[in-house]
Amino acid sequence: MKTKNKIITICLISSATISSIAIINKVISLTSDKGILPKENRQSYHWRFGTISYTCQGNGKPLILLHDLLPGNSDVEWKNTLDKLSNFYTVYTLDLLGFGRSDKPAITYTNYLYVQLITDFIKSVIGKRTDIIASGSSSNIAIMACCNDKSLFDRIMLVNPDPLAKTNLIPGRHSKMQKLLLDCPVIGTLLYNIMVSKLSLKKDFSSLYFANPAYKNHDLLDSFYESAHLGGYNAKFIYSSIIGNYTNFSLSHKLGEIDNSIYIIGGAKEPFIKETLNEYQTLNPAIESSLIKESKHFPHIERPQEFLDLCQIFFPTPR
């Protein structure tokens with residue numbers, strides 16, 4: 001009888017704990033949407049795996065801006081440069097599947113999934129050859145999409161692309177276990193909410209993203225937080241896929257195959273950026289590059305005018 005009572009007690013405590021965690025997760029999801037992410041001028045592309053939220057503005061040659069694959073990121077990353085770029089281009093910004101205001105299906109997100117998304121978007125929405133600027137880990141997507149169909153792309157600009165060693169990482173036993181844990185309905189969602197809490201994102205801003213640790217941009221931080229939690233339970237699946245290395249794809253045998261013009265812009269204070277530039281240029285000597293002083297992972301946010309000046313040099317447009 002005593003054993004039976006203990007089992008009942010443990011079950012009741014466990015049930016109460018799980019219920020409490022589920023309530024906490026629900027509250028975080030409901031209170032995170034404060035309407036900070038911009039809604040104006042947004043359009044929808046109904047893709048086979050979900051609806052993609054995007055913007056289109058300006059006149060001229062088409063240009064796609066791809067945001068980095070970071071927790072809570074969205075096309076808000078390009079807010080500081082979008083208006084001026086649209087003076088010379090027809091600029092398209094996308095919230096990639098699993099990010100921002102786009103759908104967040106409960107699937108495993110892979111590099112090839114995003115390659116297909118970009119390819120289909122160009123064919124269905126833009127309808128002509130386009131330039132592309134990709135940030136961080138989305139550089140991998142841009143390169144692979146170009147390899148997949150070179151007829152769709154003209155000039156390519158990469159902003160702080162991943163070191164080749166990172167692109168070579170593939171799903172292994174450890175990363176698969178991490179993904180499996182994060183995909184768990186209640187505990188995994190709690191872990192995700194801790195990892196993308198306002199405090200955790202603030203630490204990333206001060207230590208990883210910007211050269212000045214005292215950099216303050218509360219609107220950007222709030223947009224990251226809101227984006228990270230939109231979609232509730234499903235918001236975590238892109239993060240677990242990244243942790244599981246499913247969004248990676250080795251570029252070592254692909255960079256040399258591309259004969260498009262490729263330009264790399266790096267933040268001068270981004271860790272190992274010079275080594276990364278050397279790796280890319282060794283595989284493809286035609287790649288040109290430049291560093292922006294006093295900037296780190298987001299030079300286009302931190303030093304927008306310097307970034308735009310380099311865009312004008314790399315992507316000259318008729319005035």
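Student: Is Phe237 buried or exposed in this model?
Tutor: Bear in mind that this is a predicted model. Phe237 has a relative accessible area of 6%. Buried means under 20%, so Phe237 counts as buried.

Student: And what is the class of Tyr233?
Tutor: Tyr233 has a relative accessible area of 35%. Exposed starts over 50% and buried lies under 20%, so Tyr233 is partly exposed.

Student: How many aromatic pairs does the structure hold?
Tutor: Two rings pair if their centres lie within 6.5 Å. By that rule, the number of aromatic pairs in the structure is 17.

Student: What kind of pair do Trp47 and Phe49 form?
Tutor: A pair of aromatic rings is described by the distance of the centres and the angle of the planes. For Trp47 and Phe49 the centres are 5.2 Å apart and the planes are at 65 degrees. Planes over 60 degrees apart take the label used here, so the Trp47 and Phe49 pair is edge-to-face.

Student: What kind of pair do the rings of Tyr233 and Phe237 make?
Tutor: Their centres lie 5.4 Å apart, and the planes are at 75 degrees. That angle is over 60, so the pair of Tyr233 and Phe237 is edge-to-face.

Student: Which ring does the charged end of Lys179 sit over, and which ring does Lys198 lie over?
Tutor: A charge over a ring needs to be within 6 Å of the ring centre. The charged end of Lys179 is 5.9 Å from the centre of the ring of Tyr246.

Student: Which element gives the most to the lining of the largest cavity?
Tutor: The structure holds one cavity of 30 Å³ or more, and the largest cavity has about 70 Å³ of space. Its lining has 13 residues, with Pro71, Gly72, Phe99, Tyr192 and Ile238 nearest the centre. Both α9 (218-229) and α10 (237-243) supply at least two lining residues. The most, three residues, comes from α10.

Student: Which element gives the most to the lining of the largest pocket?
Tutor: The largest pocket has a volume of about 710 Å³, and 30 residues line the largest pocket, including Leu70 and Asp162. Elements giving two or more of them are α8 (198-209), α10 and α11 (273-283). With five residues, the element that gives the most is α8.

Student: How many charged residues are in the lining of the second largest pocket?
Tutor: The second largest pocket has about 450 Å³ of space. It is lined by 20 residues, and the closest to its centre are Pro38, Glu40, Val76, Lys79 and Leu82. The largest share, four residues, comes from α2. By class, the lining has six nonpolar and seven polar residues, and the charged residues number seven.

Notes: Residues are numbered from 1 along each chain as its sequence is written. This is a predicted model: local features need pLDDT of at least 70, side-chain atom pairs count only at pLDDT 80 or more; totals for chains, interfaces and linings use all residues. Side-chain values use heavy atoms; hydrogens and water are left out. On a 1 Å grid over the protein atoms alone, a cavity is a set of points where a 1.4 Å probe fits but cannot get out, and a pocket is an open set with protein on both sides within 12 Å along at least five of seven lines; lining residues have an atom within 4 Å of a point. Grid points are joined across faces, edges and corners, and a volume is the space filled by probe spheres set on the points. Rings of Phe, Tyr and Trp (its six-membered ring) pair if their centres lie within 6.5 Å; planes under 30 degrees apart count as stacked, over 60 as edge-to-face and the rest as tilted. Buried means under 20% relative accessible area, exposed over 50%, partly exposed in between (1.4 Å probe, protein chains only). A charge sits over a ring if NZ of Lys or CZ of Arg is within 6 Å of the ring centre and within 35 degrees of the ring normal. Ala, Val, Leu, Ile, Met, Phe, Trp, Tyr, Cys and Pro count as nonpolar, Asp, Glu, Lys and Arg as charged, and the others, Gly among them, as polar.
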